[in-house]
Amino acid sequence: MDLSDLRDGEITVEKIRTATDRIMAALTELLEELRGEKAPVERFDPKAAGVAEIGNPNQKKRKKDQA
């Protein structure tokens, strides 16, 4: 994937978003090909879905040990 047009100048949030969007679009195309089906129109947003940023989203939270 060619991201060379984003190399010049300082790194900005806009450049990072542009690079991320291009990479995600390419990955989406590859997954559509592998799965033989179209991806959802809207990209999954873990923050909007309430999914934790780190860790296993399916793991139940443990109560802290009480001493």
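Reader: Where is Glu 32 found?

Author: Glu 32 is found in helix 1. The model shown here is predicted, and the protein has one helix and zero strands.

Reader: How much of the protein is made up of buried residues?

Author: Buried residues make up 4% of the 67 residues. The protein exposes about 7100 Å², and carbon and sulfur atoms supply 53% of that area.

Reader: What makes the pair of Glu 32 and Lys 38 a salt bridge?

Author: The definition asks for a side-chain nitrogen of Lys or Arg within 4 Å of a carboxyl oxygen of Asp or Glu. In the pair of Glu 32 and Lys 38, the closest N and O atoms are 3.6 Å apart, so the pair meets the cut-off. Side chains of opposite charge can pair when their charged atoms come close.

Reader: Is Lys 38 called buried or exposed, and why?

Author: Exposed means over 50% relative accessible area. Lys 38 has 69%, so Lys 38 counts as exposed.

Reader: Which residues is Glu 32 in contact with, leaving aside its neighbours within four places in sequence?

Author: Glu 32 is in contact with Glu 37, Lys 38 and Ala 39. For Ala 39 there is a further detail: its backbone nitrogen lies 2.8 Å from a polar atom of the side chain of Glu 32.

Reader: Where is the place of Ala 39?

Author: Ala 39 is in the segment after helix 1. Not counting residues up to four places away in sequence, Ala 39 touches Thr 28 and Glu 32. The C-alpha atoms of Ala 39 and Glu 29 are separated by 8.2 Å, and these two residues are 10 residues apart along the chain.

Reader: How many salt bridges does a search of the whole structure find?

Author: The search finds three salt bridges. One of them joins the side chains of Asp 5 and Arg 22, at 2.8 Å from N to O. Asp 5 lies in the segment before helix 1 and Arg 22 in helix 1, so this pair ties together parts that are 17 residues apart in sequence.

Reader: What makes the pair of Asp 21 and Arg 43 a salt bridge?

Author: The closest N and O atoms of Asp 21 and Arg 43 are 3.5 Å apart, which is within the 4 Å cut-off, so the pair is called a salt bridge. Asp 21 lies in helix 1 and Arg 43 in the segment after helix 1, so the pair ties together parts that are 22 residues apart in sequence. Asp 21 is partly exposed at 40%, and Arg 43 is partly exposed at 44%.

Reader: Why is Asp 2 called exposed?

Author: Asp 2 has 56% relative accessibility, and the cut-off for exposed is over 50%, so Asp 2 counts as exposed. Asp 2 lies in the segment before helix 1. The C-alpha atoms of Asp 2 and Arg 22, 20 residues apart along the chain, are separated by 9.3 Å.

Reader: What makes the pair of Asp 2 and Ser 4 a polar contact?

Author: The side chains of Asp 2 and Ser 4 are joined at 2.6 Å. The distance cut-off for a polar contact is 3.5 Å, so this pair is within it.

Reader: Which residues make the nonpolar surface patch?

Author: Met 1, Ile 23, Met 24, Leu 27 and Leu 30 make a patch of about 470 Å². Met 24 lies in helix 1. Met 24 has a relative accessible area of 31% and is called partly exposed. A patch takes residues with over 30%, so Met 24 passes that cut-off.

Technical notes. Residues are numbered from 1 along each chain as its sequence is written. This is a predicted model: local features need pLDDT of at least 70, side-chain atom pairs count only at pLDDT 80 or more; totals for chains, interfaces and linings use all residues. Side-chain values use heavy atoms; hydrogens and water are left out. Helices (H or I, at least four residues) and strands (E, at least two) are DSSP runs, numbered from the N terminus. Buried means under 20% relative accessible area, exposed over 50%, partly exposed in between (1.4 Å probe, protein chains only). Accessible areas come from the Shrake-Rupley method with a 1.4 Å probe; for residues, only the protein chains shown count as cover. A polar contact is a pair of N or O atoms within 3.5 Å; within protein, one must be able to donate a hydrogen and the other to accept it, and residues adjacent in sequence count only if both atoms are side-chain atoms. Contact means heavy atoms within 4.5 Å. Patches are made of residues with over 30% relative accessible area and no salt bridge: like charges are joined within 9 Å, nonpolar side chains (Val, Leu, Ile, Met, Phe, Trp, Tyr) within 5 Å.
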